[in-house]
Amino acid sequence: MAHATIYVGCTVPQLLRGAQSRIFPSHSPLGVLRHSAFCYCTGNGTIKSKRKMDHLERTANNFRQEVITQAKVCGIMNESETVKRLRLAIANKDFTFKAGQWVDFFIPGVSIVGGFSICSSPGLLEREGVLELAVKHTVHPPAHWIHTECTLDSEVALRVGDLHGYQEGKGNRHKLGTAKLYYSAKNTSELLFKKNILGLMKAFPGKITCCFHVTQQRSQICKELQPHITEGRISEKDLEKHVSNDTSWYICGPPPMIESISKLLTNIGVPRNRVFFEKWW
């Protein structure tokens, strides 16, 4: 049976790689989206948050590779006004990861360990020995260090966090019908990887589609993006047309956004066991 997948987010690296891995077969260099990176929606469609935990506490129950690998910064690029893309050269030939995984990020002299999704494909690591992270500026010490102190040739250490509990080949594969991404940001400059997404849409017409939402756009939108842009937040009207028993919903973003979309999906009749969200925050 064909299956539809809806991605709703205001951060996109992991969702983008997820869309790719659901389109390509499991032996593709893009790897497999591993389901247990996501939490089920709670009974009333909300997320219960307590005190803010750090990365290691939040992911304490997730399996990790044992090896901590040294890495050197070989590129720093401004992906937007608030996000830097960090390129890391990995000398260890045994270092591997799959699409959907993250890294524990160890910085000399910084006691708090960061946790960042890998935004490049396993294929880039195989070809060039490089992986990439997209890190938004915050006051959190690891992210703050990347934006204010990190330089070319800075040395850090990485440990891959596995997505525990997923068993490949045991009922988790199905034929993909379509993948629809709803991607919201303040303005078009904050729509990270938009060119990659447009490229995927052209490469897989009818299989991957995207609707970009902007909430505070002040400048003119370029012609290439105009057909895909909606001004305003993602709404119930946008999503209700996709409700079916064969649709899975993946949400990625900060807690208020995840809670809002979770409630919205409950209101339009999406079963709770079809809604997944990242447990990063």
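A: Let's begin with the surface. The protein chain exposes about 14,200 Å², and carbon and sulfur atoms supply 51% of that area. Accessible areas come from the Shrake-Rupley method with a 1.4 Å probe, and for residues only the protein chains shown count as cover. Keep in mind that this is a predicted model: local features need pLDDT of at least 70, side-chain atom pairs count only at pLDDT 80 or more, and totals for chains, interfaces and linings use all residues. Residues are numbered from 1 along each chain as its sequence is written, and side-chain values use heavy atoms, with hydrogens and water left out.

Q: What share of the 281 residues counts as buried?

A: Buried means under 20% relative accessible area, exposed means over 50%, and partly exposed is in between (1.4 Å probe, protein chains only). Here 51% of the 281 residues of the protein chain count as buried.

Q: How many helices and strands does the protein chain have?

A: Helices (H or I, at least four residues) and strands (E, at least two) are DSSP runs, numbered from the N terminus. This chain has seven helices and 13 strands.

Q: And how many aromatic pairs are there?

A: Rings of Phe, Tyr and Trp (its six-membered ring) pair if their centres lie within 6.5 Å; planes under 30 degrees apart are stacked, over 60 edge-to-face, and the rest tilted. That rule gives four aromatic pairs. In one of them, the ring centres of Phe-105 and Phe-116 are 5.5 Å apart and the planes are at 75°, so this pair is edge-to-face. It links distant parts of the chain, with Phe-105 in strand 5 (residues 102-106) and Phe-116 in strand 6 (residues 114-117), 11 residues apart. Both Phe-105 and Phe-116 are buried.

Q: Why is the pair of Tyr-183 and Phe-212 tilted?

A: Their ring centres are 5.9 Å apart and their planes are at 50°, so the pair counts as tilted. Tyr-183 is in strand 9 (residues 176-185) and Phe-212 in strand 10 (residues 208-214), so the pair ties together parts 29 residues apart in sequence. Tyr-183 counts as buried at 1% relative accessibility, and Phe-212 is buried at 0%.

Q: Which residues form an aromatic cluster?

A: Phe-105, Phe-116 and Trp-145 form one. Trp-145 is also among the buried residues of helix 4 (residues 141-148), which include Pro-142 and Ile-146. For packing, contact means heavy atoms within 4.5 Å. The buried residues of helix 4 pack against strand 4 (83-90), strand 5, strand 6, strand 7 (130-136) and strand 8 (155-161).
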